[in-house]
Amino acid sequence: MAKDSNGKDRELKKRIEADNYMSCAVRECYASFRNIIKILVQGDREKEVIEYIFLEVDKHVEDGDLLIEYKMSFLPSLYDHFVRLIKYLLENKQTDRDQVVILFQDMLENISVDQTARSIAYGKGVRDGCTIKPGS
């Protein structure tokens with residue numbers, strides 16, 4: 001839905017809010033995604049990066065400029081990775097642990113590429129390899 005809104009937050013917001021069920025579904029999906037990721041991520045630095053990403057997304061959703069700040073071209077890939085992650089979690093096999101780690105890395109890479117492009121476009125630069133530290 002985001003990629004079909006032609007980069008216009010207002011249009012996306014209007015499409016989502018036009019149907020109360022859609023609005024609830026989008027909010028619930030995002031909250032579930034956020035909770036699952038936050039529960040699964042281990043390591044202090046990794047948790048810090050994930051928290052920063054979610055805070056940035058939440059801020060731009062609230063400000064109504066999410067699509068201005070971020071290209072949503074990574075969403076289809078992020079969606080595919082998340083569906084695969086859920087399948088691994090439902091199967092709950094120890095042998096899939098490495099695949100889950102790879103999925104997390106791929107998801108972070110998808111988001112980081114967009115964030116890196118945004119940072120370069122705004123002349124902020126990039127630190128720590130892929131993301132800007134909180135407070136920078």
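Let's start at His 81, which is found in helix H5, the helix that spans residues 75–91. Keep in mind as you look at it that this is a predicted model. Is His 81 buried or exposed? Its relative accessibility is 11%, so His 81 counts as buried, the limit being under 20%. A polar atom of the His 81 side chain lies 2.6 Å from the backbone oxygen of Ser 77. Which residues does His 81 touch beyond its neighbours within four places in sequence? Those contacts are with Leu 103, Asp 106, Met 107 and Asn 110.

Now step back and take in the chain as a whole. There are six helices and zero strands, and reading along the sequence gives the pattern α-α-α-α-α-α. The chain has 136 residues, and buried ones make up 32% of them. If you take the contacts between residues at least 6 apart in sequence, 55% of them join residues at least 24 apart. As for the surface, the chain exposes about 9200 Å², with carbon and sulfur atoms supplying 55% of that area.

With that overview in mind, let's turn to the charged side chains. Side chains of opposite charge can pair when their charged atoms come close. How many salt bridges does a search of the whole structure find? The search finds five, and we can walk through some of them.

Begin with Asp 58 and Arg 34, whose side chains meet in a salt bridge with an N to O distance of 2.2 Å. This pair links distant parts of the chain: Asp 58 sits in helix H3 (residues 44–63), Arg 34 sits in helix H2 (residues 20–40), and the two are 24 residues apart. Their surroundings can be described too. Asp 58 has a relative accessible area of 25%, so it is partly exposed, while Arg 34 has a relative accessible area of 16% and is therefore buried.

Glu 51 pairs with Lys 38, and the closest N and O atoms are 2.6 Å apart. Here again distant parts of the chain are linked, with Glu 51 in helix H3 and Lys 38 in helix H2, 13 residues apart. Glu 51 counts as partly exposed because its relative accessibility is 25%. Lys 38 also counts as partly exposed, at 32% relative accessibility.

The next salt bridge stays inside one helix. The side chains of Arg 45 and Glu 48 meet with an N to O distance of 2.8 Å. Why are Arg 45 and Glu 48 separated by about one helical turn? They are three residues apart in helix H3, which means about one turn lies between them. Arg 45 is partly exposed at 31% relative accessibility, and Glu 48 is partly exposed with a relative accessible area of 37%. Looking across the pairs, salt bridges that share partners join Arg 34, Lys 38, Glu 51 and Asp 58 into one network.

One last stop is Glu 69, placed in helix H4, which covers residues 66–69. Glu 69 has a relative accessible area of 15%, so this residue is buried. Where does Glu 69 stand relative to Glu 56? The two are 13 residues apart along the chain, and their C-alpha atoms are separated by 9.8 Å.

How values were computed. Residues are numbered from 1 along each chain as its sequence is written. This is a predicted model: local features need pLDDT of at least 70, side-chain atom pairs count only at pLDDT 80 or more; totals for chains, interfaces and linings use all residues. Side-chain values use heavy atoms; hydrogens and water are left out. A salt bridge is a side-chain nitrogen of Lys or Arg within 4 Å of a carboxyl oxygen of Asp or Glu. Helices (H or I, at least four residues) and strands (E, at least two) are DSSP runs, numbered from the N terminus. Buried means under 20% relative accessible area, exposed over 50%, partly exposed in between (1.4 Å probe, protein chains only). A polar contact is a pair of N or O atoms within 3.5 Å; within protein, one must be able to donate a hydrogen and the other to accept it, and residues adjacent in sequence count only if both atoms are side-chain atoms. Contact means heavy atoms within 4.5 Å. Accessible areas come from the Shrake-Rupley method with a 1.4 Å probe; for residues, only the protein chains shown count as cover.
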